[in-house]
Number of protein chains: 4
Amino acid sequence: MVDTASSPTDTDARSPGADLAIPASARDRFGIGPDWRSGMERLVEWRDVDAFRHANHTAFLLWFEAARNRYLEAMGLPRHASNTPGPVMMDLRVRYLRPLAYHEPVFVTVRTAAMRRRSLEMDYAAWTQDGCAATCTAVLVLMINDTGEKVAIPDAVRGSIRTLDNPREE
Amino acid sequence: MVDTASSPTDTDARSPGADLAIPASARDRFGIGPDWRSGMERLVEWRDVDAFRHANHTAFLLWFEAARNRYLEAMGLPRHASNTPGPVMMDLRVRYLRPLAYHEPVFVTVRTAAMRRRSLEMDYAAWTQDGCAATCTAVLVLMINDTGEKVAIPDAVRGSIRTLDNPREE
Amino acid sequence: MVDTASSPTDTDARSPGADLAIPASARDRFGIGPDWRSGMERLVEWRDVDAFRHANHTAFLLWFEAARNRYLEAMGLPRHASNTPGPVMMDLRVRYLRPLAYHEPVFVTVRTAAMRRRSLEMDYAAWTQDGCAATCTAVLVLMINDTGEKVAIPDAVRGSIRTLDNPREE
Amino acid sequence: MVDTASSPTDTDARSPGADLAIPASARDRFGIGPDWRSGMERLVEWRDVDAFRHANHTAFLLWFEAARNRYLEAMGLPRHASNTPGPVMMDLRVRYLRPLAYHEPVFVTVRTAAMRRRSLEMDYAAWTQDGCAATCTAVLVLMINDTGEKVAIPDAVRGSIRTLDNPREE
């Protein structure tokens with residue numbers, strides 16, 4: 001993965017720009033296929049579960065949001081600020097396939113499915129050791145937060161995403 | 001609205017079983033049409049906004065969840081507990097139309113679009129004084145949380161929903 | 001309550017600048033004494049409860065935060081923005097006295113206990129119909145978010161707070 | 001650390017029962033002294049920051065909660081369930097020392113300061129690479145969630161905590 005956000009000496013696996021490549025061991029444990037190249041493991045925390053003792057449906061979306069933000073930084077998008085292009089959610093589709101229990105490990109995958117001039121269609125999934133727990137597709141438009149102006153995907157970011165995920169370009 | 005959850009003497013407008021009928025004044029202020037019969041006004045709180053100073057995309061879903069829970073109690077579904085039928089999210093579709101600012105009033109509407117034997121398709125929307133901010137459709141299955149068993153919509157609940165929202169029955 | 005934040009024609013009881021005076025009926029139901037003058041009723045929502053089926057300890061703090069923000073707007077503090085004085089939490093003390101169940105009504109009270117030049121000491125409490133559920137004291141410093149500069153409490157705000165809550169001035 | 005919660009073959013560093021020992025490299029980067037023995041590194045995520053672009057005061061508490069839960073499992077407390085002893089917050093004190101920015105790494109430390117028969121006094125801190133961002137002390141009582149019954153700290157858990165953190169016993 002092209003990783004322009006982290007300094008060469010940053011070896012902390014938890015830093016935002018750290019390599020999101022999926023380890024072979026995680027592919028095995030979680031049954032993740034080669035159509036996914038980026039992701040991160042998490043634990044289902046107490047804050048994620050609701051009174052039905054499973055991850056609330058919004059917890060998945062917060063995990064996808066966290067994966068998206070690390071992915072986009074790794075692709076070269078500047079860290080979110082009010083005067084730089086940031087992703088704004090326009091359309092969201094989620095299918096929930098199996099419940100996730102408290103303190104269960106979950107692997108969250110992220111990829112770009114399509115790029116338009118100023119927006120991205122991205123896929124997400126949440127994987128348990130017993131199979132896929134949820135899939136999601138989101139359309140995000142790049143916007144300058146201060147002005148509300150929609151902006152084109154920067155060329156360097158577009159190039160990094162193309163190299164990594166080879167999305168449709170529309 | 002049939003309101004089986006509140007006692008006759010409960011006059012607290014904020015109680016879960018209180019009438020969710022949309023006041024005429026709210027229809028005027030927020031431009032809500034007659035195809036919606038139930039809803040509640042909220043304020044966009046600090047907990048709802050993210051660092052882009054707008055309601056996070058998950059805040060809308062938490063408002064829809066709150067409206068769903070009050071609506072289902074008003075329809076006669078027992079208050080959520082581990083051994084009674086509760087709604088579990090299966091499929092979610094959201095379109096985000098305009099941003100919502102901190103401390104902006106928002107009116108959240110809810111209705112049942114379709115009933116199957118053990119699941120509901122519900123619509124939601126979030127309304128600002130400048131137009132609709134988001135629409136959502138969700139499919140929820142009724143489940144006993146303790147056992148994971150899917151159960152039929154109770155007849156009394158089905159009857160209340162039919163009277164109020166006249167959904168498709170599939 | 002001095003209410004400089006809402007326009008004279010704003011009659012919406014849920015608007016941020018609406019009167020936070022505690023109705024006599026709420027004082028009766030929740031057992032709130034005359035040492036509290038401001039507050040708001042809420043419902044314990046699904047998002048507030050954790051897998052122990054009670055309001056999570058952080059839910060109380062989010063309710064206190066919401067009450068604080070409405071109170072400070074009502075006292076004349078400009079709506080939170082990056083270039084106006086906003087409250088930043090410095091010190092927090094909470095005592096949890098009884099659990100709060102899902103969909104239980106809760107009344108949240110707020111007052112200023114002390115004013116210094118650039119900071120406030122504020123008290124909060126959460127009231128159920130069976131007694132007080134939590135008490136809290138917080139010290140907040142006023143800061144311009146863009147610069148991190150600590151600023152004095154504006155005179156008009158200081159005057160409104162003095163009139164309403166008669167806090168210690170240190 | 002005594003780690004009774006994870007199976008011997010579980011080598012996943014993110015699993016709840018994984019070793020919470022603080023690596024020497026983390027002690028160096030974050031300036032953590034020998035009075036702390038347990039902790040975990042996190043990233044300040046988008047969900048953690050509010051519209052002032054810093055971690056909200058409740059985000060720290062959710063990190064401390066996550067650290068507490070992993071620590072207590074590592075000490076042998078059964079995973080949270082409705083019929084086993086779980087920690088319930090009684091008293092909380094937090095001092096906020098410096099703001100935390102979005103995507104900043106933070107190291108969260110946890111230890112037991114005192115044990116009584118049925119309650120624990122625990123300390124927490126959040127560390128940035130520029131110094132300590134927050135300290136916290138919390139009193140938690142062990143309770144069976146289903147019944148509300150307060151229970152004694154199990155002997156094995158008491159023994160593990162004594163060995164690790166050598167707290168006051170009162």
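Pro105(C) lies in strand E3 (residues 105–115) of chain C, where strands (E, at least two residues) and helices (H or I, at least four) are DSSP runs numbered from the N terminus. The residue is buried, with 20 other C-beta atoms within 10 Å; a residue is buried if 20 or more other C-beta atoms lie within 10 Å of its own, exposed if 12 or fewer, and partly exposed in between, with C-beta atoms placed from the backbone. Pro105(C) and Phe30(C) are separated by 75 residues in sequence, and their C-alpha atoms are 9.5 Å apart in space. The structure is a predicted model, in which local features need pLDDT of at least 70 and side-chain atom pairs count only at pLDDT 80 or more, while totals for chains, interfaces and linings use all residues. Residues are numbered from 1 along each chain as its sequence is written, and chains are lettered from A and ligands numbered from 1 in the order in which they are written.

Chain A contains three helices and seven strands, arranged from the N terminus in the order α-β-α-β-β-β-β-β-α-β. Of the 170 residues in chain A, 51% are buried. Two residues are in contact if their C-beta atoms, placed from the backbone, lie within 7 Å. Among the contacts in chain A between residues at least 6 apart in sequence, 63% connect residues at least 24 apart. Ser38(A), in strand E1 of chain A, has 21 other C-beta atoms within 10 Å and is therefore buried. Its C-alpha atom is separated by 9.0 Å from that of Leu164(A), 126 residues apart along the chain.

In soluble globular proteins, nonpolar side chains tend to be buried together. A nonpolar core is defined here as a set of buried Ala, Val, Leu, Ile, Met, Phe, Trp, Tyr and Cys residues joined through C-beta atoms within 7 Å. The largest such core has 206 residues, and those with the most contacts inside it are Val108(A), Val108(B), Val108(C) and Val108(D). When neighbours within four places in sequence are left aside, Val108(C) is in contact with Gly39(C), Met40(C), Arg42(C), Trp63(C), Phe64(C), Ala67(C), Tyr124(C) and Ala126(C).

Leu140(C) is located in strand E5 (residues 131–144) of chain C. This residue is buried, as 22 other C-beta atoms lie within 10 Å. Not counting residues up to four places away in sequence, Leu140(C) touches Pro87(C), Val88(C), Met89(C), Met90(C), Ser119(C), Leu120(C) and Met122(C). The C-alpha atoms of Leu140(C) and Arg168(C), 28 residues apart along the chain, are separated by 15 Å.

Helix H2 of chain A has 18 residues and reaches 27 Å from its first C-alpha to its last, close to the 26 Å expected at 1.5 Å a residue; the expected span is 1.5 Å times one less than the number of residues. H2(A) is mostly covered, 18 of its 18 residues being buried. Just after H2(A), Gly76(A) adopts a positive phi of about 105°.

Two packed helices are described by the angle between their axes and the distance between the axes. Axes are lines fitted to C-alpha atoms, for helices over the stretch in contact, and angles run from 0 to 180 degrees between N-to-C directions. The axes of helix H2 (residues 57–74) of chain A and helix H2 (residues 57–74) of chain B come within 10 Å and cross at roughly 180°. H2(A) is therefore roughly antiparallel to H2(B), given that angles under 35 degrees count as roughly parallel, over 145 as roughly antiparallel, 65 to 115 as roughly perpendicular and the rest as oblique. His57(A), Thr58(A), Leu61(A) and Leu62(A) of H2(A) make the contact with Thr58(B), Leu61(B) and Leu62(B) of H2(B). By class, this contact of H2(A) with H2(B) has four nonpolar, three polar and no charged residues; Ala, Val, Leu, Ile, Met, Phe, Trp, Tyr, Cys and Pro count as nonpolar, Asp, Glu, Lys and Arg as charged, and the others, Gly among them, as polar.

In chains C and D, the axes of the H2 helices (residues 57–74 in each) likewise come within 10 Å and cross at roughly 180°, and H2(C) and H2(D) are therefore roughly antiparallel to each other. Thr58(C), Leu61(C) and Leu62(C) in H2(C) meet Thr58(D), Leu61(D) and Leu62(D) in H2(D). The contact of H2(C) with H2(D) has four nonpolar, two polar and no charged residues.
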